[in-house]
Amino acid sequence: MSLVTDKIISKPKIETRDLGLEMTENNRSLIEISNFDFFYGEKQALFDVSMDIKEREVTAFIGPSGCGKSTLLRCINRMNDLIEVARIGSGKITVNGVDIYDDRVDTIELRKRVGMVFQKSNPFPKSIYENVVYGLRIQGITRKSKLDEAVERCLKGAALWEEVKDRLDTSGLSLSGGQQQRLCIARALAVEPDILLMDEPCSALDPVATAKVEELIHTLKDRYTIVIVTHNMQQAARVSDRTAFFYLGKLIEMNATDQIFMSPDKEQTEAYISGRFG
Amino acid sequence: MKRYFHEELEEIRSHLMLMGEKAVESVKLAMQALLESDIELANQVMESDDVIDDIEKQIDDEVVRYVSLRAPVARDLRLLFVAIKASHDLERVGDEASNIAGRTKKILAQGLPIDAVARVPRMCELAINMLEDSLRSFIQEEESLAYSIVGRDREVDTLNRENFKELVELMKSDSANVSACTEMVFISKSFERIADHAKNIAEEVFYLLTAQSLKEVTRGK
Ligand SMILES: Nc1ncnc2c1ncn2[C@@H]1O[C@H](COP(=O)(O)OP(=O)(O)O)[C@@H](O)[C@H]1O
Ligand SMILES: [Mg+2]
């Protein structure tokens, strides 16, 4: 039955199928969070959180609103330093082996290595071009050829180049919501981070724009380590390699995403992902 | 827009095709082993059953994973249902081929009257044609081909009944034939079942392509 054979041959062999799990085991931990307690004033927001985040994977944080996902995400690049009442109780976070709360850490440098994309896209009221090179200008880079190169590279990296290459001088605010979010991702890429933190990056987007950002995340994980907070469990299932489920400031369960969605270890996780919560 | 995970559906499709190809090959080789009294070949068929079982297991895992992670709907969802059902039919086809090979070995150890095999090649040919057509209807997404398979199992059923009568006569005429002819009764039944599985697959493909039940559409055909 040559017909069947013809179709099969063009496909990868069955044995070589990679479920993604094999790769997962080999990736090294880039971010290590150990016994981390975190407070806003008297109120404790994170309780004894420990987890490893692997290099060049997408890790999703899920859990009901207020469970501490954004708080933990912001701790990874010390964005919480900007909140006056915020303080660490105990524990530590290392990035690439370095304790990021060590006094000697330069937070500007840290936030260059660990970029952030927010829920609400927030382009500056400047041209598309200037939005992308913003971080580079702050670093004192002025050479046009270098900036031009970065604009093209980052807009391509953010899957936006084809849509805007003929109007780089128009305002970033003139773009659609989905385009603005990809512009913010391009801006984050410009300073060449290793890690991208994304806090509900699609929550303000329609399904098509969401799909585009998800596709982008899928391509970015070849080069970046991505941590994404999402209230959309289907999105976590689609884009992530690992999923961490939080409840009331505690990490309940973290595992390979297919494991979490096919057979979670904890009853609370199962109740949450199957919509039987509360 | 095509999403990156849609390739996983293609993968499931191609595993089903691979499984179909292996099942067809097993049936053909089982027939050949019987006609050519080839014990080696019979052994080979029995061994290859594990490969078919493994592919079914893999398809099951892939389908569960896809359903868990990708929220499939409409035709994508039907493909996954069909993959589960058709792979189960193909696994059964592999079992039948393996049964045929096992019984062939027993027959070869004791000899068989030539008449006892007479209708089997025709049954095998019909069953394999049905199986190949049902798989082709899947690969080429031809609902008319899937539709045309309905009713084609009747000739196989008839041959099986005739075979049974003939085998009973052979057993009556010479008690030395009883054990080998009994094996042939089962072999004949195996081919009939293979045709049934082919018909099931055709129904499944028809459902995949049209979202309709072939049984309902052809009621009274
Ligand atoms: N800036 C802040 N000041 C005081 N409390 C805060 C602040 N940000 C968050 N919280 C509290 O910390 C807890 C966790 O919030 P958050 O990390 O935003 O949760 P999530 O992102 O999972 O919805 C909540 O109880 C929230 O009210
Ligand atoms: Mg939040």
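This is a predicted model: local features need pLDDT of at least 70, side-chain atom pairs count only at pLDDT 80 or more; totals for chains, interfaces and linings use all residues.
Local features need pLDDT of at least 70, side-chain atom pairs count only at pLDDT 80 or more, and totals for chains, interfaces and linings use all residues; side-chain values use heavy atoms, with hydrogens and water left out. Residues are numbered from 1 along each chain as its sequence is written, while chains are lettered from A and ligands numbered from 1 in the order in which they are written.

Start at ligand 1. Its surroundings include A:Tyr40, A:Lys43, A:Ser65, A:Lys69, A:Arg74 and A:Ile83. A residue is near a molecule if one of its heavy atoms lies within 4 Å of it. The shell divides into four nonpolar, five polar and three charged residues. Here Ala, Val, Leu, Ile, Met, Phe, Trp, Tyr, Cys and Pro count as nonpolar, Asp, Glu, Lys and Arg as charged, and the others, Gly among them, as polar.

Strand E2 (43-54) and helix H3 (69-76) of chain A each supply at least two residues of this shell. H3(A) gives the most, with four residues. Helices (H or I, at least four residues) and strands (E, at least two) are DSSP runs, numbered from the N terminus.

Now look at the oxygen atoms of ligand 1. One lies 2.7 Å from a backbone N or O atom of A:Gly66. A backbone N or O atom of A:Cys67 is 3.2 Å from an oxygen atom of the ligand. The side chain of A:Ser70 has an N or O atom 2.7 Å from a ligand oxygen. The protein covers 66% of the 560 Å² of accessible area (Shrake-Rupley method, 1.4 Å probe) that ligand 1 has on its own.

Next, turn to A:Val132. This residue sits in helix H5 (residues 128-138) of chain A. A:Val132 counts as buried because its relative accessibility is 0%; buried means under 20% relative accessible area (1.4 Å probe, protein chains only). Leaving aside neighbours within four places in sequence, A:Val132 is in contact (heavy atoms within 4.5 Å) with residues including A:Ala150, A:Cys154, A:Leu183 and A:Ala190.

Finally, chain B. Chain B has eight helices and zero strands. Its radius of gyration, taken over C-alpha atoms, is 19 Å, close to the 17 Å that the globule rule (2.2 Å times the number of residues to the power 0.38) gives for 221 residues, so chain B is as compact as a globular protein of that length. Of its 221 residues, 53% count as buried.

Methods
A polar contact is a pair of N or O atoms within 3.5 Å; within protein, one must be able to donate a hydrogen and the other to accept it, and residues adjacent in sequence count only if both atoms are side-chain atoms. Buried means under 20% relative accessible area, exposed over 50%, partly exposed in between (1.4 Å probe, protein chains only).
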